[in-house]
Amino acid sequence: MSATIPPSAQDGTSDARPVPAPVVVGPEDHRYAELVRGDNYRFVGSPDHVELVRTTEQVADALRRALAAGRRVAVRSGGHCGEAFIADPGVRVVLDLSLMSAVYHDPEREAVAIETGATVGHIYKTLYREWGVTLPAGVCTAVGAGGHISGGGYGPLSRLHGLVADHLYAVEVVHVDAAGEVAVTVATREPDDPKRELWWAHTGGGGGNFGIVTRFWMRSPGAAGTDPAELLPRPPASLLLAMVTWSWEQVDLPAFTRIIKNFMAWHVEHSGPDSPYAGLFASLWVRHRSGGDLTMFVQMDPTAPDAEAALGSFLAAVDEGTGVEPFAIRYELPWLTAARHMGQGDSGPVLGARTKSKAAYLRGVHTDEQIAGLYRNFTGEDYFGRESLMMLNGYGGAINAVAPGDTSSAQRDSVIKAAYSAAWNDPGEDDFHIAWLRGLYGELFADTGGAPVSGELADGSYINYPDIDLADPECNTSGVPWHELYYKENYVRLQAVKAAFDPLDVFHHQLSVRLPSSGTSTSAATPGVRENQMTYASDHIPDRYDFEDMYTGAADAPPVQPWDIGRPQPALVAVAEAGLIAGDVLDVGCGLGDNAAYLASRGHAVTAVDVSATAVSEARLRAAAKGMEVDFLVADATRLEGVEGRFDTVVDSACFHALAEDERERYLKVLHDACRPGARLHMFCFAEELDAPFPGPHRHSAVNLRRMVGSVWDVVAVEAVAYSSSLLPEDIAAMIKEEYPDAEVTADQLAGLQLDGTGRATMPVWHVTAERRA
């Protein structure tokens with residue numbers, strides 16, 4: 001690790017003052033309400049505590065304590081995440097890095113070090129006032145360095161100097177290894193650095209994916225030496241600025257069409273890496289007419305050849321043929337003042353605002369149909385949105401001189417980065433504004449399934465403007481997954497970094513990089529879990545099972561029903577005896593009813609559901625023979641009706657792994673709706689990572705189960721347990737031979753097969769415990 005130079009000692013003097021302990025703020029503290037909110041007031045977290053840390057060592061210690069307590073951790077630097085990644089109810093500890101805000105020269109690495117909690121405004125001021133340099137960062141000066149840099153960050157100087165991440169030399173990350181141990185790694189862009197891929201992942205891979213970034217070291221490519229004034233770009237001493245406004249009172253559809261097309265066409269023509277207009281940046285803001293007009297902000301490097309004429313030429317090109325007389329002003333300001341001209345200042349945007357944002361990289365000019373749709377949305381009288389707008393921001397130039405794979409910021413031939421957003425204050429208006437924004441975006445990209453699919457016009461979206469709708473098949477019908485929209489071909493490489501540095505998926509959220517799917521081969525290790533030895537192809541596994549055929553003994557049904565052990569499942573008995581099943585119980589996928597009858601014998605009112613009428617008929621007979629009353633139903637568990645709000649506990653009797661992919665989310669929501677507040681789910685599901693020397697149904701990793709179940713429920717634990725079966729070793733060998741005729745296997749060749757006291761095989765499963773989300 002690099003030697004740290006604390007800000008107080010940058011003048012070469014010593015400072016022996018001890019580092020204060022972290023500040024821990026719990027729900028009883030008057031500061032809690034402030035610290036569980038970020039910039040977007042739609043989302044308010046409820047962690048057990050927020051811990052404000054000051055050093056890398058404090059971050060590592062806090063993470064160790066959280067892991068030891070089984071608490072999920074999330075990290076905040078500036079608090080400008082647009083979705084509920086930090087405020088997720090499953091997050092129990094928030095590590096707040098806002099006190100880690102030092103910006104200083106590190107002579108050992110010949111770079112400028114920036115701690116993660118530093119805001120863009122603080123970085124600008126320090127770099128410029130200390131050394132006369134800057135970074136091509138954004139206009140919102142309250143944004144924290146942690147997410148901004150790791151997501152690729154861009155701003156008004158990016159056409160001239162590239163992305164912020166293009167100047168990243170090294171990164172320090174606190175992460176968790178495969179043994180569950182906390183580690184601190186520094187990764188650089190040096191070609192011979194064995195950790196280089198971790199550096200690469202933080203040049204556009206986004207925050208919250210691989211660990212906790214505590215420090216960045218910035219040095220422009222090709223820069224060297226000990227003088228910090230020579231390590232980063234030097235901004236112009238001043239900027240030529242222009243602000244042009246077109247009033248909605250004068251702008252009809254033809255005029256609007258010309259403004260949009262002129263702006264986009266100019267950028268298509270003048271955004272190459274060698275463009276003489278690289279020093280010109282423009283941002284066109286289209287506000288809903290209930291809250292403003294069309295305003296274009298422009299800045300120009302006055303040292304560029306014929307800068308005044310170039311600026312005038314651009315302004316004339318955008319206004320050409322509109323037939324509207326805009327209001328325009330032009331002036332010049334010192335660079336640091338001008339750099340904050342378009343932003344909201346260090347205090348952030350409208351206080352208490354509730355927001356929703358979307359984004360797109362654009363390569364070409366919108367069609368007339370697309371522009372007409374924008375016009376309808378921004379002028380419609382059925383919508384009132386003072387803070388709803390579209391921003392078309394100039395892109396390209398030096399950004400597009402970098403190859404897509406040189407950094408993890410893959411979109412390297414776009415010319416405009418677009419942002420679409422709505423902001424409001426009244427919680428009762430959430431659905432109204434979100435529906436408007438979804439409608440605008442869906443209509444704009446209707447030809448590509450409601451998403452900016454890579455093609456002649458668009459090239460995906462920007463991870464620093466996260467939008468969970470892109471992962472929702474009801475909003476994104478393109479068939480292109482969210483991760484391709486954000487990362488393109490770089491995603492597989494990012495997954496490899498994830499597997500190497502966060503193999504236990506400690507750091508995850510709704511749009512986080514997923515661990516690589518292990519299929520039937522080895523997967524990322526989990527403490528105490530051995531590599532999966534199963535070598536049987538999984539393409540034989542049906543998408544959907546016909547359980548009625550299995551119970552009636554159809555010709556293609558297995559000769560033995562592995563789950564029919566004639567007694568309650570021991571894994572479930574252990575849960576019940578531990579006092580973890582309460583109140584009224586829903587037993588889903590009840591099969592022959594032995595679990596349901598057992599739970600009824602413990603005094604629970606039990607409703608048991610199975611899709612097979614034959615199974616339910618036998619279950620009723622078995623329960624009656626035991627003198628147990630159970631309400632058995634024949635029903636599809638993914639479409640239960642009439643049971644809303646009835647249950648305190650749900651038991652999934654190894655049902656989830658038999659569901660098709662398109663049924664799983666609906667199933668989890670149905671179970672959630674069937675429960676009362678505070679209810680618990682106990683799910684037993686075939687484990688992908690655990691040894692299982694025989695074929696089986698759809699297997700799921702612990703990581704994927706946390707993610708899938710966690711999208712609807714609050715996951716409490718995922719634990720490995722053994723599930724009893726009715727299969728003798730020779731039964732398994734026969735099943736393998738039936739499904740894989742070329743397989744040469746006998747009962748004594750089933751290495752790793754675990755047997756119970758009766759000589760029957762046990763099956764490795766994950767026991768997922770989750771609580772109903774309020």
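We take confidence, strands, a helix and ring pairs in turn.

Student: What is the mean pLDDT of the protein chain?

Tutor: This is a predicted model, so begin with the predictor's confidence in each residue. The protein chain has a mean pLDDT of 87. Of its residues, 85% reach 70 or more.

Student: Where does pLDDT stay under 50?

Tutor: Look at residues 518-543, where pLDDT stays under 50. The model has 60 contacts beyond four places in sequence for that stretch. Residues 555-560 also stay under 50, with seven such contacts.

Student: Now strands. Is strand S9 mostly covered or open?

Tutor: Strand S9 spans residues 212-218, and seven of its seven residues are buried. Next, find its partners. Strand S6 (residues 111-115) runs antiparallel to S9, joined by four bridges. There, Ile-114 stands opposite Phe-216 of S9. Strand S7 (residues 168-176) also pairs with S9 in the antiparallel sense, over six bridges. In that pairing, Val-174 faces Ile-212.

Student: Which residues of helix H18 are buried?

Tutor: Start with the general idea. An α-helix has 3.6 residues a turn, so residues three or four places apart point the same way. Now the case. Helix H18 covers residues 664-673, and its buried residues are Arg-664, Tyr-667, Leu-668, Val-670, Leu-671 and His-672.

Student: What covers the buried residues of H18?

Tutor: The cover includes strands S17 (585-588), S20 (647-652) and S21 (675-686), along with helix H19 (702-710).

Student: How many aromatic pairs are there?

Tutor: The count comes to 25. Take Tyr-124 and Trp-335. Their ring centres are 5.6 Å apart and their planes meet at 80 degrees, so the pair is edge-to-face; the cut-off is over 60. Tyr-124 lies in helix H3 (residues 120-131) and Trp-335 in helix H9 (residues 335-339), so the pair ties together parts 211 residues apart in sequence. Both Tyr-124 and Trp-335 are buried.

Student: Which parts of the chain does the pair of Trp-248 and Tyr-375 link?

Tutor: Trp-248 and Tyr-375 are edge-to-face, with 6.1 Å between centres and 65 degrees between planes. Trp-248 sits in the loop between strand S10 (238-246) and helix H7 (253-269), while Tyr-375 is in helix H10 (residues 368-379), 127 residues apart. Both Trp-248 and Tyr-375 are buried.

Student: Which residues form one aromatic cluster?

Tutor: Tyr-154, Tyr-361, Tyr-395, Tyr-462 and Tyr-465 do. Look at Tyr-462 again: the charged end of Lys-417 sits over its ring, 3.2 Å from the centre. Elsewhere, Arg-219 lies over the face of Tyr-169, 4.1 Å from the ring centre.

Notes. Residues numbered from 1 in each chain as written. Predicted model: local features only at pLDDT ≥ 70, side-chain atom pairs only at ≥ 80, totals over all residues. Heavy atoms only, no water. Buried < 20%, exposed > 50% of the residue type's maximum accessible area, 1.4 Å probe, protein only. Helix = DSSP H or I, 4+ residues; strand = E, 2+ residues; numbered from the N terminus. Pairing = 2+ DSSP bridges. Contact = heavy atoms within 4.5 Å. pLDDT = per-residue confidence, 0-100. Phe/Tyr/Trp six-rings, centres within 6.5 Å; stacked < 30°, edge-to-face > 60°. Lys NZ or Arg CZ within 6 Å of the ring centre and 35° of its normal.
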